[in-house]
Amino acid sequence: MLLPTSVRFSTYATEGRYVHTRPQAVWLAGFLLALTILPQVASLYATGVLTVMFITLMAVYGLQVTVGTAGQINVAQSAFMGIGAFTAAKLSGMDVPFWLAIPAAGLAAAVLSIIFALPAIRVKGFYLALTTLAAQVMFPIIVIALPADWLGGPSGMAVEPIAIAGRMLASPADMYYFTLAGVVVCSVCAFNLQRNRFGRALRTVRDNELAAEVTGVNVAYYKVMSFFAGSLFAGVAGAFFAYYIRYVTTENFNLLLSIWYLGMLIVGGLASPLGAILGTVFVTAIQEVFHALGDSLLAAFPNIGGGLVFATSNVILGLCILLALIFEPRGLAHRWGVLKAAYRIWPFPHS
Amino acid sequence: MIDLTQVAINGLLVGLVYGLVAVSFIVIYRSSRIVNLAQGEIVLVGALLIWTFTLGVKLPWAAGVPLALACCVGLSFFLERSIFRPLIGQPPFTVFMASVALLILLRGMAQLVWGAETRPFPAILPSGAWTIGPFILTKRLLIGAVMTIVLVELLHWFFMRTRQGMRLAAVAEDHYTALSMGISVRQAVAVAWIMGGVLGAVGAVVLLSGQIVSLSAASIGLRALPIALLGGMESVRGALVAGAIVGVGEAMASVYADPFTKGVSSQVLPFAIMICVLLFRPQGLFGWKVIERL
């Protein structure tokens, strides 16, 4: 990566930093400040959209670990999110505080994901994707069929609101801050995971399994653990979603959503958590554009009615994934890097 | 005992008909090494095209169905040309993701063009049933099952005995090797997609004839996937055996286990079989043993 001028490393710790220069620190602080002020100035609708975007981002971070870093296909991210959401809903009904329920939800999703990752010991490639597909298909069938007093059956479960020091988090702005805190923690985890021993092992498994095995990386173990880590993010995202939406049903966690999360990651770029961020923001922006255009679209396609925004967004996202795969497999994150490098060495040319 | 046999026969017929859709997965994999997750959507588009050309524009089905099949060929050719040809030689991961993207693309397109409403599907195959001894055989399913067997045998002959079929097998083994032997991978992929599209539409005819068609018909693909996997992704004939096993198992589960499990066992069974196959015999019953392993 091209660094700003006058950045020198004398120790590994300085090289490992994310913020190297004062301007970078100022930008980061400004960005976080802007995110903090936003719900005070933005409309309720925009605050809600951003909250859902943050929750989605947590799930896409998880996908980035499993799919991007370890190279294992996972088409059940929204089912794992659902497991987290139902766990959180159940625990909130039992008066468990949120700071216990959220990690518990993450762990529940992560542990269950191991069952579907076990074939990783024997097979690779798309075969593994098929077990996650089975997980995604089986999730709603099983949740609905369980006794109604376990997980609410077909009608779903209500979630108790969060109380911090006796104060209920009820307004959209409160939930926004709560989710923002969660997404900041998840971001730190996701970025750090890339450069510790675990993340490096996953990347070796992705790039060359034989080389990984030879250098002492237990391939099967790390494949399963990539699902564990990825679903941990998904479960946490599901818990936040449950607390935000306050009522969970299996319809919130279907196959199409799993594909949407994958799409966000591919469009953004698989290689780094930055890709997850860019992809999530990009796809949310597209969705909101179509939402804003909804009325005029409805006039153009009068016979479709409800679900029109969803259908158009599906078409557009499908096209975006295909374009990304065919023309820019490294995703928006790579374009962003090129742009940054070009800015840094301007006026000298940069490819 | 008669009940048991009747349930088994029904399951067998349904399983064989789903086997036809499973074969459409297999021919695409068998000749281009692409697992097309969007096969259910191809079935859906095929079904909606048939609706358009028969009930939609009021053509008799003898004229409408061939027209719809021709459209399916065109669509498959277009998909191959625009999406899968640029991806030849890319890692399997990329190609798989392309099929996932195709899934939501086709689903959205189908909803934009045809809308989300439920429509009647033309009764192309005769309805009703034949009674043979104490057993009742649904005409539609029996004809479908016979059609599946005939088509599978034809495809088996094509893949095993003709020069063109052998070429496709070479492409399925390895794109680069096939290219260096002078085999056109492009042509193979195009043939594979056209066969997959047509088989999907034929599957739609058999499964939906006289029933209804809506966007949820795309789930046919998900139901057929375990059959394809159990039979082995390279074995056309395997789909028959696997279809029979899964079909009978599902029918048995729905009659004898569902009353105790709120209808879950029959729905979950195919996917449980799928996970077991992946854990214990990833190549399926009759697949090629040379699969990628650790």
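1. Confidence. The structure is a predicted model, with an ipTM of 0.89 and a pTM of 0.92. For chain B the mean pLDDT is 88, and 98% of its residues score at least 70. Within that chain, confidence is lowest in strand S2(B), where the mean is 85, and highest in helix H5(B), residues 139-161, where the value is 92.

2. Domains of chain A. Chain A is divided into domain 1, spanning 22-253, and domain 2, spanning 254-351, and the centres of these two domains, taken over C-alpha atoms, are separated by 20 Å. Their contact draws on 23 residues from domain 1 of chain A and 20 residues from domain 2 of chain A.

3. The domain 1 side of that contact. On the side of domain 1 of chain A that touches domain 2 of chain A, helices H3 (44-69), H4 (77-93) and H8 (172-193) of chain A each supply at least two residues. The largest share comes from H3(A), which provides 11 residues. Sorted by class, this side of domain 1 of chain A has 14 nonpolar residues, eight polar residues and one charged residue.

4. The interface between the chains. Here 40 residues of chain B are in contact with 44 residues of chain A. On the side of chain B that touches chain A, helices H4 (92-114), H9 (219-231) and H11 (264-280) of chain B each supply at least two residues, and the largest share, 17 residues, comes from H4(B). The composition of this side of chain B by class is 30 nonpolar, seven polar and three charged residues.

5. A helix pair within chain B. Helix H2(B), residues 39-56, packs against helix H8(B), residues 185-208, at an angle of about 65°, and the two axes are 8 Å apart; the crossing of H2(B) past H8(B) is right-handed. From H2(B) the contact involves Gln39(B), Ile42(B), Val43(B), Gly46(B), Ala47(B) and Ile50(B), which meet a set of H8(B) residues including Gly196(B), Gly197(B), Gly200(B), Ala201(B) and Gly203(B). Taken by class, the residues of this contact of H2(B) with H8(B) comprise eight nonpolar, six polar and no charged.

6. The hairpin of chain B. Strand S2(B), residues 129-132, runs antiparallel to strand S3(B), residues 135-138, and four bridges join them. Trp130(B) has Leu137(B) in S3(B) as its bridge partner. Two residues lie between S2(B) and S3(B) in this hairpin, and Gly133(B) in the turn has a positive phi of about 60°.

7. Backbone geometry in chain A. Two places in chain A deserve a look at the backbone. The peptide bond from Trp346(A) to Pro347(A) is cis, with omega near 10°, and Pro347(A) is found in the segment after helix H16(A), residues 331-344. Asp95(A), a residue other than glycine, has a positive phi, near 60°, and Asp95(A) is located in the loop between H4 and helix H5 (98-117) of chain A.

Note on methods
Residues numbered from 1 in each chain as written. Chains lettered and ligands numbered in written order. Predicted model: local features only at pLDDT ≥ 70, side-chain atom pairs only at ≥ 80, totals over all residues. Pairing = 2+ DSSP bridges. pLDDT = per-residue confidence, 0-100. Domains from an automatic or database assignment. Contact = placed C-beta atoms within 7 Å. Nonpolar A, V, L, I, M, F, W, Y, C, P; charged D, E, K, R; others polar. Axes fitted to C-alpha atoms, helices over the stretch in contact; angles between N-to-C directions. Left-handed = near helix turned anticlockwise from the far one by under 90°.
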